Amino acid sequence: MSASAERVTITPYPDGPLLVRGAAELQTEGGEPIEVTRRTVALCRCGLSTIKPFCDGTHKASGFRTDV
Ligand code: FES
């Protein structure tokens, strides 16, 4: 499988971010590209990260909980 045909998977991390594996490209809501330098990125879903759209670990200190 070539790199461009690689599957992208998105996994919700319990009480934490969405782990995106294999993402070739991320965009802002306005369509601007967001640089991706890793094969796996963690996207914030608690809304408290200072480096959105990426997770910075703040969810732990805030006590963010996801539904089961
Ligand atoms: S999910 Fe980690 S800082 Fe928001």
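Q: What share of the contacts in the protein with a separation of 6 or more comes from residues 24 or more positions apart?
A: In this predicted model, residues 24 or more positions apart supply 27% of the contacts that have a separation of 6 or more.

Q: Which helices and strands does the protein hold, and in what pattern?
A: The protein has 1 helix and 5 strands. Along the sequence they follow the pattern β-β-β-β-β-α.

Q: What makes E1 and E5 edge strands?
A: Three strands form an open sheet in the order E1-E2-E5, with antiparallel pairing. Strand E1 (9-12) and strand E5 (40-43) each pair on one side only, and they are the edge strands. From one strand to the next, the twist averages 20°.

Q: What does the pair Asp15 and Arg65 tie together?
A: Asp15 lies in the loop between E1 and E2, while Arg65 lies in the segment after helix H1 (58-62), so the pair ties together parts that are 50 residues apart in sequence.

Q: Why is Arg65 counted as exposed, and Asp15 as partly exposed?
A: Exposed means over 50% relative accessible area, buried means under 20%, and partly exposed lies in between. Arg65 has 59% relative accessibility, so it counts as exposed. Asp15 has a relative accessible area of 26%, which makes it partly exposed.

Q: Which residues make up the largest nonpolar core?
A: The largest nonpolar core has 6 residues: Val20, Ala23, Leu26, Ile34, Val41 and Leu43. Leaving aside neighbours within four places in sequence, Val41 is in contact with Leu18, Leu19, Val20, Leu26, Val36 and Phe54.

Q: How many of the residues of the protein count as buried, as a percentage?
A: Of the 68 residues, 22% count as buried. The protein exposes about 5200 Å², of which carbon and sulfur atoms supply 52%.

Conventions. Residues are numbered from 1 along each chain as its sequence is written. This is a predicted model: local features need pLDDT of at least 70, side-chain atom pairs count only at pLDDT 80 or more; totals for chains, interfaces and linings use all residues. Side-chain values use heavy atoms; hydrogens and water are left out. A nonpolar core is a set of buried Ala, Val, Leu, Ile, Met, Phe, Trp, Tyr and Cys residues joined through side-chain atoms within 4.5 Å. Buried means under 20% relative accessible area, exposed over 50%, partly exposed in between (1.4 Å probe, protein chains only). Contact means heavy atoms within 4.5 Å. Two strands pair if DSSP finds at least two bridges between them. Helices (H or I, at least four residues) and strands (E, at least two) are DSSP runs, numbered from the N terminus. Axes are lines fitted to C-alpha atoms, for helices over the stretch in contact, and angles run from 0 to 180 degrees between N-to-C directions. Accessible areas come from the Shrake-Rupley method with a 1.4 Å probe; for residues, only the protein chains shown count as cover.
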